[in-house]
Amino acid sequence: MQQTFYKYQGTGNDFVMIDNRQETFNKKDTKHIAFLCDRRFGIGADGLILLENHPTLDFKMVYYNADGNESTMCGNGGRCLVAFANQLGVIKDKAVFEAIDGLHHATINNGIVKLQMLDVDVVEKHENHVFLNTGSPHHVEFEDQIENFDIKTKGAKIRYGAPYNEIGSNVNFVKKISDQIFAVRTYERGVEDETLSCGTGVTAVALAMHALKQTNENLITLKVQGGELQVSFDVENGVYKNVWLIGPATYVFSGTL
Ligand SMILES: N[C@@H](CCC[C@H](N)C(=O)O)C(=O)O
(Lines give C-alpha, C1' and ligand atoms only; values in the text may rest on other atoms or scores of the structure.)
Protein backbone atom coordinates (compact mmCIF):
# COMPACT_ATOMS: atom_id res chain seq x y z
CA MET A 1 0.00 0.00 0.00
CA GLN A 2 1.37 3.42 -0.96
CA GLN A 3 2.37 5.61 1.97
CA THR A 4 2.98 9.39 1.96
CA PHE A 5 6.17 10.44 3.74
CA TYR A 6 7.04 13.97 4.81
CA LYS A 7 10.49 15.35 5.62
CA TYR A 8 11.07 18.11 8.20
CA GLN A 9 14.22 19.53 9.73
CA GLY A 10 14.90 21.60 12.82
CA THR A 11 18.36 23.29 12.70
CA GLY A 12 19.57 20.38 10.57
CA ASN A 13 18.20 17.59 12.79
CA ASP A 14 16.03 15.88 10.22
CA PHE A 15 13.10 13.51 10.39
CA VAL A 16 10.80 11.36 8.26
CA MET A 17 7.27 12.24 9.41
CA ILE A 18 4.23 10.03 8.94
CA ASP A 19 0.55 10.82 9.56
CA ASN A 20 -0.33 7.56 11.32
CA ARG A 21 -3.80 8.58 12.59
CA GLN A 22 -5.24 5.59 10.71
CA GLU A 23 -2.64 3.37 12.45
CA THR A 24 -1.57 1.62 9.23
CA PHE A 25 2.21 1.95 9.77
CA ASN A 26 4.00 -1.23 10.94
CA LYS A 27 5.63 0.00 14.14
CA LYS A 28 7.37 -3.29 14.79
CA ASP A 29 9.29 -3.37 11.46
CA THR A 30 12.63 -2.07 12.76
CA LYS A 31 14.42 -2.88 9.51
CA HIS A 32 11.90 -0.86 7.46
CA ILE A 33 12.22 2.16 9.77
CA ALA A 34 16.03 1.94 9.51
CA PHE A 35 15.68 1.68 5.68
CA LEU A 36 13.52 4.83 5.56
CA CYS A 37 16.16 6.70 7.59
CA ASP A 38 19.10 5.37 5.55
CA ARG A 39 20.82 8.27 3.73
CA ARG A 40 21.90 6.08 0.78
CA PHE A 41 19.18 3.49 0.29
CA GLY A 42 16.20 5.29 1.82
CA ILE A 43 14.79 8.78 2.33
CA GLY A 44 17.46 9.68 4.88
CA ALA A 45 16.95 11.17 8.35
CA ASP A 46 18.21 11.19 11.94
CA GLY A 47 14.88 9.74 13.04
CA LEU A 48 11.29 8.85 12.11
CA ILE A 49 8.23 10.30 13.84
CA LEU A 50 4.60 9.14 13.83
CA LEU A 51 1.72 11.53 14.41
CA GLU A 52 -1.12 9.58 16.02
CA ASN A 53 -4.53 10.32 17.50
CA HIS A 54 -4.88 10.84 21.24
CA PRO A 55 -8.20 10.42 23.11
CA THR A 56 -8.04 13.81 24.80
CA LEU A 57 -5.03 15.76 23.49
CA ASP A 58 -4.24 17.20 20.05
CA PHE A 59 -2.06 14.22 19.07
CA LYS A 60 0.47 11.61 20.23
CA MET A 61 4.16 11.49 19.21
CA VAL A 62 6.05 8.23 18.63
CA TYR A 63 9.80 8.60 17.95
CA TYR A 64 12.30 6.20 16.38
CA ASN A 65 16.04 6.73 16.05
CA ALA A 66 17.71 6.14 12.67
CA ASP A 67 18.69 2.63 13.84
CA GLY A 68 14.97 1.76 13.67
CA ASN A 69 14.44 1.42 17.40
CA GLU A 70 11.85 3.43 19.32
CA SER A 71 13.60 5.83 21.63
CA THR A 72 13.10 8.52 24.22
CA MET A 73 12.05 12.14 23.70
CA CYS A 74 13.23 14.11 20.69
CA GLY A 75 13.09 17.87 21.22
CA ASN A 76 13.74 18.93 17.63
CA GLY A 77 11.44 16.16 16.47
CA GLY A 78 8.71 17.39 18.79
CA ARG A 79 9.10 20.88 17.36
CA CYS A 80 8.93 19.51 13.78
CA LEU A 81 5.85 17.43 14.68
CA VAL A 82 4.04 20.59 15.82
CA ALA A 83 4.83 22.18 12.43
CA PHE A 84 3.67 18.99 10.67
CA ALA A 85 0.41 18.97 12.66
CA ASN A 86 -0.11 22.61 11.67
CA GLN A 87 0.48 21.74 8.00
CA LEU A 88 -2.07 18.90 8.23
CA GLY A 89 -4.61 21.20 9.87
CA VAL A 90 -4.63 19.18 13.10
CA ILE A 91 -3.73 22.31 15.08
CA LYS A 92 -3.60 26.05 14.47
CA ASP A 93 -0.98 27.99 16.48
CA LYS A 94 -0.76 25.91 19.66
CA ALA A 95 -0.69 22.25 20.67
CA VAL A 96 -0.83 19.96 23.67
CA PHE A 97 0.45 16.46 22.88
CA GLU A 98 1.68 13.28 24.54
CA ALA A 99 5.19 11.93 23.98
CA ILE A 100 7.07 9.06 25.65
CA ASP A 101 8.24 11.39 28.46
CA GLY A 102 4.82 12.90 29.13
CA LEU A 103 2.71 15.88 28.12
CA HIS A 104 4.11 18.81 26.11
CA HIS A 105 2.71 22.27 25.34
CA ALA A 106 3.86 24.06 22.20
CA THR A 107 3.22 27.12 20.05
CA ILE A 108 4.03 27.82 16.40
CA ASN A 109 4.39 31.27 14.81
CA ASN A 110 5.98 32.01 11.42
CA GLY A 111 7.90 28.73 11.41
CA ILE A 112 9.29 29.17 14.91
CA VAL A 113 8.16 26.48 17.34
CA LYS A 114 8.37 26.82 21.11
CA LEU A 115 8.22 23.43 22.86
CA GLN A 116 7.86 23.07 26.62
CA MET A 117 10.22 20.43 27.95
CA LEU A 118 9.89 18.46 31.16
CA ASP A 119 10.96 19.88 34.50
CA VAL A 120 14.47 18.74 35.47
CA ASP A 121 15.17 18.18 39.16
CA VAL A 122 18.36 16.10 38.97
CA VAL A 123 21.62 17.47 37.51
CA GLU A 124 24.52 15.09 38.27
CA LYS A 125 27.78 17.07 38.54
CA HIS A 126 30.85 14.85 38.00
CA GLU A 127 34.55 15.77 37.91
CA ASN A 128 34.73 16.32 34.13
CA HIS A 129 31.13 16.15 32.99
CA VAL A 130 27.47 16.66 33.85
CA PHE A 131 24.69 14.11 33.32
CA LEU A 132 21.00 14.91 33.18
CA ASN A 133 17.81 13.70 31.49
CA THR A 134 15.76 16.24 29.55
CA GLY A 135 13.47 13.60 28.07
CA SER A 136 16.52 11.76 26.75
CA PRO A 137 19.77 11.02 28.63
CA HIS A 138 22.59 13.54 28.08
CA HIS A 139 26.28 13.60 29.00
CA VAL A 140 27.69 17.16 28.83
CA GLU A 141 31.38 18.10 28.86
CA PHE A 142 33.53 21.06 27.78
CA GLU A 143 35.58 20.90 24.56
CA ASP A 144 37.97 23.81 23.86
CA GLN A 145 38.68 22.57 20.30
CA ILE A 146 34.96 22.37 19.50
CA GLU A 147 35.47 23.48 15.88
CA ASN A 148 38.06 20.78 15.19
CA PHE A 149 38.00 17.49 17.07
CA ASP A 150 37.05 13.90 16.26
CA ILE A 151 33.51 13.97 17.67
CA LYS A 152 32.55 10.56 16.25
CA THR A 153 35.43 8.74 17.94
CA LYS A 154 35.29 10.71 21.18
CA GLY A 155 31.49 10.63 21.32
CA ALA A 156 31.21 6.90 20.65
CA LYS A 157 33.81 6.10 23.34
CA ILE A 158 31.74 7.96 25.95
CA ARG A 159 28.36 6.74 24.63
CA TYR A 160 29.33 3.04 24.80
CA GLY A 161 31.67 3.30 27.79
CA ALA A 162 30.91 3.02 31.50
CA PRO A 163 28.53 3.93 33.07
CA TYR A 164 26.31 4.17 29.98
CA ASN A 165 27.32 0.97 28.19
CA GLU A 166 24.86 -0.57 25.67
CA ILE A 167 21.83 1.50 26.74
CA GLY A 168 24.04 4.52 26.24
CA SER A 169 23.65 8.28 26.44
CA ASN A 170 23.74 11.17 24.01
CA VAL A 171 27.02 13.08 24.29
CA ASN A 172 27.22 16.89 24.09
CA PHE A 173 30.42 18.92 23.77
CA VAL A 174 30.21 22.59 24.72
CA LYS A 175 32.33 25.76 24.55
CA LYS A 176 31.32 29.01 26.24
CA ILE A 177 31.13 32.01 23.90
CA SER A 178 29.55 34.41 26.40
CA ASP A 179 27.18 34.35 29.36
CA GLN A 180 24.30 34.21 26.86
CA ILE A 181 25.81 32.05 24.10
CA PHE A 182 27.33 28.54 24.05
CA ALA A 183 28.53 26.45 21.09
CA VAL A 184 27.36 22.81 21.14
CA ARG A 185 28.10 19.70 19.10
CA THR A 186 26.27 16.43 19.80
CA TYR A 187 26.99 12.75 19.21
CA GLU A 188 23.58 11.11 19.21
CA ARG A 189 22.66 7.69 20.56
CA GLY A 190 20.76 5.67 18.00
CA VAL A 191 22.18 7.68 15.11
CA GLU A 192 25.69 6.74 16.28
CA ASP A 193 27.15 9.84 14.72
CA GLU A 194 27.12 13.60 15.08
CA THR A 195 23.80 15.27 14.31
CA LEU A 196 23.68 18.91 13.26
CA SER A 197 21.56 19.68 16.29
CA CYS A 198 19.87 17.90 19.20
CA GLY A 199 16.98 19.57 20.98
CA THR A 200 17.02 17.62 24.24
CA GLY A 201 20.81 17.98 24.01
CA VAL A 202 20.92 21.77 23.85
CA THR A 203 18.31 21.86 26.59
CA ALA A 204 20.63 19.71 28.71
CA VAL A 205 23.59 21.98 27.93
CA ALA A 206 21.70 25.16 28.85
CA LEU A 207 20.59 23.73 32.22
CA ALA A 208 24.03 22.23 32.87
CA MET A 209 25.76 25.56 32.22
CA HIS A 210 23.43 27.25 34.71
CA ALA A 211 23.92 24.46 37.25
CA LEU A 212 27.70 24.84 36.92
CA LYS A 213 27.34 28.62 37.38
CA GLN A 214 28.81 29.22 33.92
CA THR A 215 25.89 31.63 33.45
CA ASN A 216 23.24 33.40 35.48
CA GLU A 217 21.08 33.92 32.41
CA ASN A 218 17.78 32.04 31.96
CA LEU A 219 17.47 32.65 28.22
CA ILE A 220 20.44 31.03 26.47
CA THR A 221 21.37 30.79 22.79
CA LEU A 222 22.96 27.52 21.66
CA LYS A 223 25.00 27.68 18.43
CA VAL A 224 24.80 24.26 16.77
CA GLN A 225 26.16 22.98 13.45
CA GLY A 226 22.74 23.43 11.83
CA GLY A 227 21.89 26.90 13.16
CA GLU A 228 20.79 28.40 16.48
CA LEU A 229 18.35 27.32 19.18
CA GLN A 230 17.28 29.05 22.36
CA VAL A 231 16.41 27.56 25.73
CA SER A 232 14.57 29.48 28.45
CA PHE A 233 13.83 28.31 31.99
CA ASP A 234 13.03 29.23 35.58
CA VAL A 235 14.78 27.76 38.62
CA GLU A 236 12.86 27.07 41.84
CA ASN A 237 14.74 25.42 44.74
CA GLY A 238 17.18 23.80 42.34
CA VAL A 239 14.42 22.48 40.08
CA TYR A 240 14.42 23.68 36.46
CA LYS A 241 10.83 24.49 35.49
CA ASN A 242 9.02 26.26 32.64
CA VAL A 243 11.75 24.97 30.31
CA TRP A 244 11.20 25.94 26.64
CA LEU A 245 13.13 24.88 23.53
CA ILE A 246 12.76 27.52 20.82
CA GLY A 247 13.73 27.46 17.15
CA PRO A 248 12.78 26.89 13.51
CA ALA A 249 11.01 23.78 12.21
CA THR A 250 10.98 23.55 8.42
CA TYR A 251 9.08 21.47 5.86
CA VAL A 252 11.46 19.97 3.27
CA PHE A 253 9.34 17.75 0.97
CA SER A 254 6.78 14.99 0.78
CA GLY A 255 6.49 11.96 -1.45
CA THR A 256 5.05 8.46 -1.69
CA LEU A 257 6.67 5.03 -1.53
N1 LIG B 1 17.63 14.49 18.26
C2 LIG B 1 16.75 14.35 19.39
C3 LIG B 1 17.14 13.25 20.38
C4 LIG B 1 16.56 11.97 19.88
C5 LIG B 1 16.69 10.87 20.85
C6 LIG B 1 18.14 10.51 21.14
N7 LIG B 1 18.87 10.16 19.94
C8 LIG B 1 18.15 9.35 22.10
O9 LIG B 1 18.04 8.21 21.64
O10 LIG B 1 18.24 9.60 23.30
C11 LIG B 1 16.47 15.67 20.04
O12 LIG B 1 16.36 16.66 19.28
O13 LIG B 1 16.29 15.71 21.27
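Me: Where is Cys 74 found in this predicted model?
Reply: Start with the secondary structure on either side. Cys 74 is in the loop between strand S4 (59-65) and helix H2 (75-88).

Me: Is Cys 74 buried or exposed?
Reply: Read the relative accessible area; under 20% means buried. Cys 74 has 7% relative accessibility, so Cys 74 counts as buried.

Me: Which residues does Cys 74 touch?
Reply: Skip residues up to four places away in sequence. Cys 74 then touches Phe 15, Met 61, Tyr 63 and Thr 200.

Me: What does UniProt list for "active site"?
Reply: The unreviewed entry gives Cys 74 and Cys 198.

Me: Where does Cys 198 lie?
Reply: Cys 198 sits in the loop between strand S13 (193-195) and helix H4 (199-211). Cys 198 is buried, at a relative accessible area of 5%. Leaving aside neighbours within four places in sequence, its contacts are Asn 13, Asn 76, His 138, Thr 186 and Glu 188.

Me: Why does Phe 41 count as exposed?
Reply: The cut-off for exposed is over 50% relative accessible area. Phe 41 has 70%, so Phe 41 is exposed. Phe 41 lies in the loop between helix H1 (30-37) and strand S3 (47-52).

Methods
Residues are numbered from 1 along each chain as its sequence is written. This is a predicted model: local features need pLDDT of at least 70, side-chain atom pairs count only at pLDDT 80 or more; totals for chains, interfaces and linings use all residues. Side-chain values use heavy atoms; hydrogens and water are left out. Helices (H or I, at least four residues) and strands (E, at least two) are DSSP runs, numbered from the N terminus. Buried means under 20% relative accessible area, exposed over 50%, partly exposed in between (1.4 Å probe, protein chains only). UniProt positions are given in the numbering used here, feature names are shortened, and annotations may be inferred rather than shown by experiment. Contact means heavy atoms within 4.5 Å.
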